[in-house]
Amino acid sequence: MNKKSLAILLRARMRPNNSTKLALAPLTNEVNLMQSSGSHAAQHVPENENKSRKEFEHVRESMRLAISMNKTEVLDTVLNDFSEGYFSLSYDNRRRLLLVLAKEFDLNRTQVRELIKQYLGVSGEEAQLAGAEEDGGYPAGFYRIERNLRHALKPMYESLFEQLNMHPGGLKFLSCLRADILSIIAEENIASLRALDSYLKEKLSTWLSPAVLELYQITWNDPASLLEKIVAYEAVHPISNLIDLKRRLGVGRRCFGYFHPAIPGEPLIFIEVALLKNVAQTIQEVLWNDPPIPECEATCALFYSISSTQPGLAGINLGKFLIKRVITLVKRDMPQISTFATLSPVPGYIQWLLPKLASQLKLAEVEGISQSLEDRSNSTFLDNLLEPEEEKALMDLSDCRESVAGRNGTDILLNLLTSRNHEWSNSDKLLSVLKAPLLRLCARYLLQEKKRGKALDSVANFHLQNGAMIERINWMADRSEKGLNQSAGIMVNYVYRLGHIEEYAQSYFSTGNIHASDDVRCYAEPSKGQDKKKNQIEDNMP
């Protein structure tokens, strides 16, 4: 495929409203196909049922053979039959097959229980003999039972995974298989499937270790088939046209991908980098900077998009190793780069804030509290989301031409954020009033809202566990529909300080401690910010 063909492909396939979505897992595609076929499929149910049953039994038998067989020359044929047959199955049959794999080819629990009894049944006298052994070890019986127990705790489907991993195209197939498992788990909480997913995830994490992954810089001169995948899988900032793609791969920009030898020509994950003089505060500076600065003048490498191409590798942190290797590579090639930062979305902010606002309004109604700020501050359960000056500024909007209905500041804020087409984003007056509360609440969301001791926001958790710190929160940094929907246009700069990456990562991992700049902390704790400003004024006084 030449560049001209790629351009035609881009124009034909790209849909701006849907370009942020990753390629669907095979199972999800099957679901959509079945839904779209609707009544037409129903007319052929009797004859199709028999065919579908035969296909399922054939794939099930090939799966059984693959698990039990050891002859390499025959095994390759069986694995081909299984993988090809799997993709031909309907949604229901894939689900049935995965349940069979999870339940019938799990570990032998009867054998495990028997071995545990043997282990516990070793006499106390034999245990005491440990001190008499020359090497200070336990009697041979202990080691034998432990060895047998380790073997028994391996599920039978382990052999299928390992054989597929060594089979041509097998690693890609396993990724698709796990994507289907994740799709089912999202709808149904099935314990056996969760165990299957957990085991496969562990295997994939081992097989995709950094030692076997290849870091490659993707350029405009690469095959069109590869560039097409970059367009298709870009999940953060959709590539709008061929010019946009060429700009992202041109002067002042870099794109790096992690590749695996078993999946040639397709990155598992890729990262886009902008070379700048300063850390950008808006995505417009990155995507619309034309022409870019000379690379010799750049002092900042800004990571502005990280996209995974394989839904089945969800939860496997390839990005951690990718960022560290890219930092090392860029620093080696461009020693003048001293700052490594991101311009990142806050995907969970509005999703967290809107229910928070709504619940506070509902709680106020239930408690029968009047709508004054003083009364609400005396409530045991109400969370005062707004500062007094923010409440007043929002209430004063009722006297302006941008009049917004609402019983109090919280109600007005909720109405604005849920307004049609984000009308508030086009009003300078509304933007000035909303800036303070939305930035402060975003800082609170990033620093204080936790899940299992870690940052609630997925992007924040990703960068913090990789050793970054929260440097700056940027107002109206992404005015796209997606940016306004997920974070009211707010974006965050995370900074990777070269001398502290491992220290920050370990601190976050062990205690959940989030490293952030003083400015960000001042947003979350306004009183401290006011004290800081007061001290600065006093220091400047003669």
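A search of the whole structure identified 11 aromatic pairs, a pair being assigned where ring centres of Phe, Tyr or Trp (its six-membered ring) lie within 6.5 Å, with planes under 30 degrees apart classed as stacked, over 60 as edge-to-face and the rest as tilted. The model is predicted, so that local features were required to have pLDDT of at least 70 and side-chain atom pairs pLDDT 80 or more, whereas totals for chains, interfaces and linings use all residues. Residues are numbered from 1 along each chain as its sequence is written, and side-chain values rest on heavy atoms, with hydrogens and water left out.

Among these pairs, F82 and F173 are edge-to-face, because their planes stand at 75 degrees, with ring centres 5.6 Å apart. This pair links distant parts of the chain, 91 residues apart, with F82 in helix α4 (residues 72-88) and F173 in helix α10 (residues 170-187); helices here are DSSP runs of H or I with at least four residues, numbered from the N terminus. F82 is buried at 1% relative accessibility, and F173 is likewise buried at 4%, the term denoting under 20% relative accessible area (1.4 Å probe, protein chains only).

Y157 and F161 both lie in helix α9 (residues 157-166), 4 residues apart, or about one turn of the helix. Their ring centres are 5.5 Å apart and their planes are at 40 degrees, and the pair is therefore tilted. Y157 is buried, at 2% relative accessible area, as is F161, at 0%.

Conventions:
Helix = DSSP H or I, 4+ residues; strand = E, 2+ residues; numbered from the N terminus. Buried < 20%, exposed > 50% of the residue type's maximum accessible area, 1.4 Å probe, protein only.
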